[in-house]
Structures are given as C-alpha cells and as structure tokens.
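Here are some friendly notes to read with the model open beside you. Take the points one at a time, and look for each spot as you go.

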There are 2 protein chains.
Amino acid sequence: MVEDVCIFCELGKGNSRTIFEDKHCYVIPDRFPSQKGHLLVIAKDHHESILTAPNKLVEHMAIVAKKFAIQSKKKHKSEGIVITTNAGKAAGQLIMHYHIHVIPIPLNVPKGFIPHRELTEPEAQILKRLLKS
Amino acid sequence: MVEDVCIFCELGKGNSRTIFEDKHCYVIPDRFPSQKGHLLVIAKDHHESILTAPNKLVEHMAIVAKKFAIQSKKKHKSEGIVITTNAGKAAGQLIMHYHIHVIPIPLNVPKGFIPHRELTEPEAQILKRLLKS
C-alpha cells in the first residue's frame with residue numbers, strides 16, 4: 001500500500017502537542033528529539049521544502065523560529081540554539097514538507113543527548129506548558 | 001593581545017571572495033567548507049546571532065539564503081541543501097556575528113567531504129564565477 005498522506009499536513013489540522021499556531025505555521029516538539037526541547041516549526045500549507053515555499057512564508061517562519069529559539073534558550077537555560085532546515089533526502093530531510101528545526105544545545109552535553117528516543121506524551125505536554133507560559 | 005576586531009564586520013567592508021552583496025548582507029564561501037560549495041550569508045551590521053538580530057534582517061537573510069540554496073543546488077547538481085544558523089558557542093557558532101550556512105549535500109557522499117580543509121583562493125574564485133553566472 002502506498003502511503004500518500006502527508007503527516008505534517010495532517011498534524012497541522014490540529015493535534016494535542018501543538019505549542020503555537022497561526023494561519024501559516026504551527027510549532028510542535030520533534031517526535032524523535034536530538035536534544036531536550038527540540039521543536040519543529042511547520043508550514044500549514046504543503047510545500048516540499050524551503051526551496052519551493054513562497055518567500056512570505058519563509059520570512060514568517062524564520063521569525064517564528066527566532067521567537068521560539070529565544071524562548072527555548074531562556075526556558076531550558078541552554079547555552080546555544082541550532083536553527084536548521086534541510087531540503088532533500090540527501091540533506092537529511094525525512095518528511096517532504098517544509099519545516100524548521102529549533103534545537104536547544106546544553107553546554108558540555110554531547111550531541112545525541114536523547115538520540116532518537118521517541119518523545120513520550122508526558123514529555124510533550126511538559127514542553128508545551130513550559131513554552132506556552 | 002586581545003583580538004577585538006570582528007572578522008565578519010571586516011570582510012563585509014569588501015573582499016575579493018564576495019559572491020553577492022546588498023545593503024544588509026553579503027555572501028562568501030566558508031573558509032573551511034564542510035562540503036563543496038559551502039556558503040555563508042553574513043549580516044553587514046554586527047549582531048551576535050539570529051537571537052539578537054532585528055526581524056527585518058532575519059527575514060531578508062532567510063530569503064537570500066533560500067535564493068543561494070536554489071542556485072547552489074542547481075549549479076552543483078547537489079541532491080540536498082542544509083540551511084542552518086547556530087547561536088552560541090555550545091551550538092557550534094565560531095564567529096560571534098550573525099551568519100547563515102548554506103551547504104549543498106551531494107547524494108551518497110558522506111559528511112565531511114572536505115572536512116576542515118581550508119578553501120584555496122582558486123577554489124573561492126571558481127565558486128564565485130559559478131554562482132554569479
């Protein structure tokens with residue numbers, strides 16, 4: 001069976017983990033966080049990547065990513081933040097729907113702090129409360 | 001002796017490797033490319049990172065990064081592009097002046113294709129011609 005449903009289109013219609021949403025994008029925790037507090041800023045409309053997304057949306061999502069980077073740095077007391085978007089499978093894009101990663105980086109904690117362990121529902125809700133406050 | 005000159009402020013005043021520039025930012029090849037064609041989009045004004053840069057500049061540099069990502073993907077025939085900005089030393093930011101990395105990723109080529117080998121002047125000029133055309 002061919003899977004032709006886009007998971008990010010579906011999640012954008014509403015889900016219990018959403019931390020923020022507006023007309024153009026929404027923010028949820030990454031299901032497989034590379035660090036504690038790893039967020040995704042996801043376009044509501046379907047565009048394969050930043051390369052094919054309209055400039056207005058790219059501008060808007062950059063500002064939302066910045067806002068949550070500042071918020072995450074403060075709330076997680078992290079020492080750094082990585083903001084990244086991957087375009088194409090070769091670049092590590094797993095879901096072919098435009099999204100930006102916002103990843104708080106603690107000091108002196110090696111990469112892969114929580115390597116590909118699936119986020120639990122309680123962790124997702126704690127993160128949501130933390131960043132909404 | 002304390003080094004108090006910001007290298008990205010200095011390079012923004014003009015240098016032979018500049019591929020693109022406007023009033024707000026400029027584009028040069030990364031001096032230590034992680035992949036062939038690795039570019040930097042750099043703010044002309046000094047801001048420590050995206051976290052402290054004005055929203056208008058963040059929006060503008062996102063569009064310039066997108067433009068060069070599209071251009072790089074085409075010109076290098078790469079299979080993917082990573083666009084990333086790091087804020088803070090813990091996140092891997094080496095120069096404390098807001099910049100965005102645009103990194104073409106070839107298919108089936110492991111990361112670190114040109115790992116921290118310094119870009120030569122001829123390579124820089126070839127890249128400049130390639131992306132200006």
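How many nonpolar, polar and charged residues does the lining of the largest cavity have, by class? Point 2 has the answer, after a word on the ground rules.

1. Ground rules. This is a predicted model, where local features need pLDDT of at least 70, side-chain atom pairs count only at pLDDT 80 or more, and totals for chains, interfaces and linings use all residues. Residues are numbered from 1 along each chain as its sequence is written, chains are lettered from A and ligands numbered from 1 in the order in which they are written, and side-chain values use heavy atoms, leaving out hydrogens and water.

2. The cavity. The lining of the largest cavity has 14 nonpolar, 4 polar and no charged residues (Ala, Val, Leu, Ile, Met, Phe, Trp, Tyr, Cys and Pro count as nonpolar, Asp, Glu, Lys and Arg as charged, and the others, Gly among them, as polar). A cavity is a set of points on a 1 Å grid over the protein atoms alone where a 1.4 Å probe fits but cannot get out; a pocket is an open set with protein on both sides within 12 Å along at least five of seven lines; lining residues have an atom within 4 Å of a point. The largest cavity holds about 200 Å³ of space, a volume being the space filled by probe spheres set on the points, which are joined across faces, edges and corners. Among its 18 lining residues, A:Ala62, A:Ile83, A:Ile100, B:Ala62 and B:Ile83 lie nearest the centre.

3. The second largest pocket. Its volume is about 320 Å³. Of the 19 residues lining this pocket, A:Lys36, A:Gly37, A:His76, A:Leu127 and A:Leu130 lie nearest its centre. By class, the lining has 9 nonpolar, 5 polar and 5 charged residues.

4. The interface. Chain B and chain A each bring 28 residues to the contact (heavy atoms within 4.5 Å). Between them they bury about 2200 Å², 66% of it on carbon and sulfur atoms; buried area is the accessible area (1.4 Å probe) that two parts lose on being put together, summed over both. B:Leu51, B:Lys66 and B:Ala90 supply 26% of the area that chain B buries against chain A, more than any other three residues.

5. The cysteines. Over all chains there are 0 disulfides (pairs of cysteine sulfur atoms within 2.5 Å). For B:Cys6, the nearest cysteine sulfur, that of B:Cys9, is 3.8 Å away.
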